[in-house]
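The following exercises are to be worked with the sequence and the three-dimensional model at hand. Each task is followed by a stepwise solution.

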Amino acid sequence: MMTRVKAVVSQLVGGQAAAGSSPQLGYSRPVFLQLSPEEREQAADHSRRNIVSPSSESARRRLLLPWDTGYAEVINAGKSVFNEDQAAREIVWVERRNSNSSTAGEVVKGDRSTGKERDGLEFHYWALFDGHAGTAAAVMAARLLHLHISEQLQDIVDILQDGDVPPPICLTSHTKGVTGNGAKCPSHEGDWEPPTDSESRFLLEKEISHEHLIIGAIENAFRQMDQQIEREQKAHGSQGGCCALAVVYLLGKIYIANAGDSRAILIRNGEIIPLSNEFTPESERQRLQYLILAYKTIEEDDLKFPLVYGEGKKARVMATIGVTRGLGDHNLKVHCSNIHIKPFLSCIPEVKVYNVTKYEHGVDDVIVLGTDGLWDVVSNREVADVVTRVLSSCQPDDLNRFTLAAQNLVMRSRGILKGPSWRLSNDRLGSGDDISVFVIPLYGHT
Ligand code: MG
């Protein structure tokens, strides 16, 4: 049976092949926006920079953006033809592998619980992708990453659902055929000796929790997604890449996976809790220095630029790219050289975990996700202040309040057009980048 991810890939690739190798092929705005042709045209106007949000009709929006998630976006001020940000919001059903059902990896429509009668698990998913050098990588990741996560979770859904300890792992080199839970490894040949006290302590420390299995599944999904983009770039000669920030809610915990310079913060009772780190040439200088030593094919003469060239937002890996983690960029080379950038650009995200069941959340507690277009010009504190002001000015049962908060954040970071440039209220330059923002409420959903 063709899996869901393969079916979608096939559909996507089929479309690309039919239309040649244009990297812009398949470009669209997020599906949940449901833009009409006229609205699409308005959203693409660099001179007006209209702020775009989902339908104001509540029943439709609840179906397309469950949890009353707020979302808003705006196109850049002319730095690229298209809006290179992409966003995704899905509920995905993960069926057990041995199930006879054909719904493995099914994308669930609407905010409904399907997990009680069926054999599997459901996860909620939000993601932002910030593309560069074209839109193709971000578009593909927005359409596929959640399905790769679903495929990876299928391998462990039995363990997660049954609540069993993870399958035994033979630690023969340390413990003479003893498994991770202290029993004899079924695949071990030869004599078996029970673990000593120190070995038991070692085994206890090595026991892999469900949380770590899920983190591993998400990391693998990012790797699979990166390989998928590589195959497409080789087949069609396309270029470009994207930063990826994905949030998965599964079994009472929120997993925040970040590869790039987008950011997630939690605002809980007015307090700001960072949920991600940005990965830039400056923040990963040490990892880059280690890699350059390990990269045997680079000669000293090849290094025409410093490893980290420039400072702050202008810092680039060998004067070429401003982020050190992300998807794609398989064809990218250092300027005027044959050195591939990819070894320095990791596709593996940092995954942080927030255990939502440990806290009681108020009606104004939210997670804010934003691409760097937001965070370049507003601080965490300013974002929290805007969100708190907007949410407290609305009735708690107003379903539109999280969208209003997202719109206000985009407005605050875009600014208004004064003469030739976009300006903030303090007259500083506004963000000329694409800006995309999710505001995810936690009250009543976790
Ligand atoms: Mg950006």
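Contact here means heavy atoms within 4.5 Å. The model is predicted, so local features need pLDDT of at least 70 and side-chain atom pairs count only at pLDDT 80 or more, while totals for chains, interfaces and linings use all residues. Residues are numbered from 1 along each chain as its sequence is written, and side-chain values use heavy atoms, with hydrogens and water left out.

**Exercise 1.** Locate asparagine 83 and determine which residues it is in contact with, leaving aside neighbours within four places in sequence.

Solution. 
1. Asparagine 83 belongs to the loop between β1 (70–74) and β2 (85–95); strands are DSSP runs of E with at least two residues, and helices are runs of H or I with at least four, numbered from the N terminus.
2. Its relative accessibility is 2%, which counts as buried (under 20% relative accessible area; exposed is over 50%, partly exposed in between; 1.4 Å probe, protein chains only).
3. The contacts of asparagine 83 are Tyr27, Arg29, Glu73, Val74, Ile75, Asn76, Thr135 and Asp434.

**Exercise 2.** Identify which residues coordinate the magnesium ion.

Solution. 
1. Donors are N, O and S atoms within 2.8 Å of the metal (3.2 Å for Na, K and Ca); water is not among the atoms, so sites may look incomplete.
2. Asp130, Asp372 and Asp433 coordinate the ion through OD atoms at 2.1 to 2.2 Å.
3. Along the chain, these donors follow the spacing D-x241-D-x60-D.
4. Aspartate 130 is in strand β4 (residues 120–132) and aspartate 433 in the loop between β15 (421–423) and β16 (435–441), so the pair ties together parts 303 residues apart in sequence.
5. Aspartate 130 is buried at 7% relative accessibility, and aspartate 433 is buried at 9%.
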